[in-house]
Structure formats: C-alpha cells, structure tokens
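Subject: Structure for your files

Dear colleague,

Here is the structure I said I would send. Please read the notes under it with the model open.

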Amino acid sequence: MTDTSATLGPLEFLHGRWVVGDAGKPHWVEFRRDGLYQHESHAEGQLVPWSRIMLGMHLTMGSKYPAKGSNGFGGLLGGLPGPWRGRGSGYLHMTLRHPYENWIARFDRHPRHYPGAHLVFLDLLTRQVIDAGQAHLLGDPEWLGRVVARLAPQRPRGWRGMREAVTRAVEAEA
C-alpha cells in the first residue's frame with residue numbers, strides 16, 4: 001500500500017504516480033514504470049528509459065549549475081514565505097548512456113516549503129538506487145511509496161546519518 005500523503009521535497013504521489021515538481025505548472029518529471037518522463041508545456045515530453053540512466057542522479061534547486069552546493073539563490077528564495085514562495089525551478093541532472101550525454105530534467109517548484117532533509121534524502125535515494133543498478137525501482141509506485149513513507153518523517157543529523165537512513169529504507173524494501 002502506498003502512503004499517498006508522503007512527499008519527499010519536490011517528489012509527490014499524484015493520481016497514482018510519483019512526480020517531481022508541481023504538475024500544475026509547465027515543467028515536471030514523472031517516474032513511470034518504463035522510465036523517467038519529462039513533461040514540457042510547449043513541446044512533446046521526452047521519455048528516458050531507466051536502463052539509460054547511469055552514475056546516479058543529482059538534484060539542484062534554483063539554478064542549473066549553482067556556484068556552491070545544490071541550491072542557487074532562486075532555490076533558497078522559492079522556499080521562503082512571501083512573493084517568492086513556489087517560484088523557480090529545480091533540476092535533475094544525470095548521465096545517460098547509448099549515446100552518452102549529460103541530461104537535465106527541469107521541474108517547477110510547488111508553493112510548499114521543501115525541508116532540507118527531504119532534498120538530501122531524494123538526492124541520496126536516486127543516487128543509491130541508480131548506482132546499485134536498480135533504477136527501475138523508482139518507477140514502481142508501491143516500492144517508492146514505502147521508501148518515501150519511511151524517509152519522510154526522519155530527521156537524522158549529518159551526512160552519514162542521512163546516508164544510513166536511506167540505506168536502511170531501501171534495504172527494508174528489498
């Protein structure tokens with residue numbers, strides 16, 4: 001059973017599928033059984049099969065290439081109350097094979113705040129699953145729902161605690 005109320009930063013369960021970003025806005029990403037689907041309002045979307053994704057996935061907020069860390073200035077503003085709430089974009093960065101290319105999937109923010117721990121969990125979860133050769137699990141809504149339900153309420157301290165929490169959540173669903 002999937003916990004439909006759980007979210008992990010920009011990842012949410014919506015109408016029976018897991019999506020990254022606000023599906024009511026022009027840019028969002030869907031985790032499908034057959035791959036990652038980039039939705040664009042002005043063009044036909046693009047499907048990337050899970051088997052093409054290699055070397056993990058990296059999440060950035062506010063800027064495609066922030067100078068430091070994973071958040072650009074716009075990413076920080078989009079989480080604050082006031083006129084900037086929900087504005088800006090996030091990006092999923094990945095390396096694809098056959099042919100090899102760096103690919104970036106853009107998504108629009110939700111108006112809700114993304115807890116920092118959730119952003120780190122999402123980044124670590126996608127990296128860990130892809131690096132283990134199990135990227136297709138991200139397209140299994142039940143599996144992903146159980147992992148998100150385990151991770152969402154946690155607030156471990158430090159990178160090591162966060163990595164261990166993700167590892168425990170993934171191993172519990174193996």
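The notes below go from the whole chain to the strands and then to the helices.

This is a predicted model, in which local features need pLDDT of at least 70 and side-chain atom pairs count only at pLDDT 80 or more, while totals for chains, interfaces and linings use all residues. Residues are numbered from 1 along each chain as its sequence is written, and side-chain values use heavy atoms, with hydrogens and water left out.

Whole chain

The protein chain has four helices and nine strands. Both are DSSP runs numbered from the N terminus: helices are H or I with at least four residues, strands are E with at least two. Along the sequence the pattern is β-β-β-β-β-β-β-α-β-β-α-α-α. Of the 174 residues, 50% are buried, meaning under 20% relative accessible area with a 1.4 Å probe, protein chains only. Among contacts (heavy atoms within 4.5 Å) between residues at least 6 apart in sequence, 57% join residues at least 24 apart.

Strands

Two strands count as paired if DSSP finds at least two bridges between them. Strand β2 (residues 11–14) pairs with strand β3 (residues 17–20) in the antiparallel sense over four bridges, and Leu11 has Val20 in β3 as its bridge partner. Two residues lie between the strands of this β2 and β3 hairpin, where His15 takes a positive phi near 55°.

β3 also pairs with strand β4 (residues 27–32), antiparallel and over three bridges. Here the bridge partner of Val20 is Val29 in β4. The hairpin of β3 and β4 has six residues between the strands, and Gly21 takes a positive phi near 100° in it.

Further along is an open sheet of three strands, in the order β7-β8-β9 with antiparallel pairing. Its edge strands, β7 (53–61) and β9 (101–108), each pair on one side only. Neighbouring strands of this sheet are turned by 20° against each other on average, direction ignored. Strand β8 (residues 89–96) is joined to β9 by eight bridges, and Thr95 stands opposite Asn102 in β9.

Helices

Two packed helices are described by the angle between their axes and the distance between the axes. Axes are lines fitted to C-alpha atoms, for helices over the stretch in contact, and angles run from 0 to 180 degrees between N-to-C directions.

Helix α2 (residues 116–131) packs with helix α4 (residues 158–172) at an angle of about 55°, with the axes 10 Å apart. That makes α2 oblique to α4; angles under 35 degrees count as roughly parallel, over 145 as roughly antiparallel, 65 to 115 as roughly perpendicular and the rest as oblique. In α2 the contact includes Phe121, Leu125 and Val129, and in α4 it includes Ala165, Val166 and Val170. By class, the residues of this α2 with α4 contact are eleven nonpolar, two polar and one charged. Nonpolar covers Ala, Val, Leu, Ile, Met, Phe, Trp, Tyr, Cys and Pro, charged covers Asp, Glu, Lys and Arg, and the others, Gly among them, are polar.

α2 and helix α3 (residues 141–151) pack at about 140°, with axes 12 Å apart, and are therefore oblique to each other. Phe121, Leu125 and Val129 of α2 make this contact with Trp143, Leu144, Val147 and Leu151 of α3. The residues of the contact of α2 with α3 are seven nonpolar, no polar and no charged.

α3 and α4 pack at about 140°, with axes 9 Å apart. Trp143, Val147, Arg150 and Leu151 in α3 meet Ala165, Val166, Ala169, Val170 and Ala172 in α4. The contact of α3 with α4 has eight nonpolar, no polar and one charged residues.

Regards
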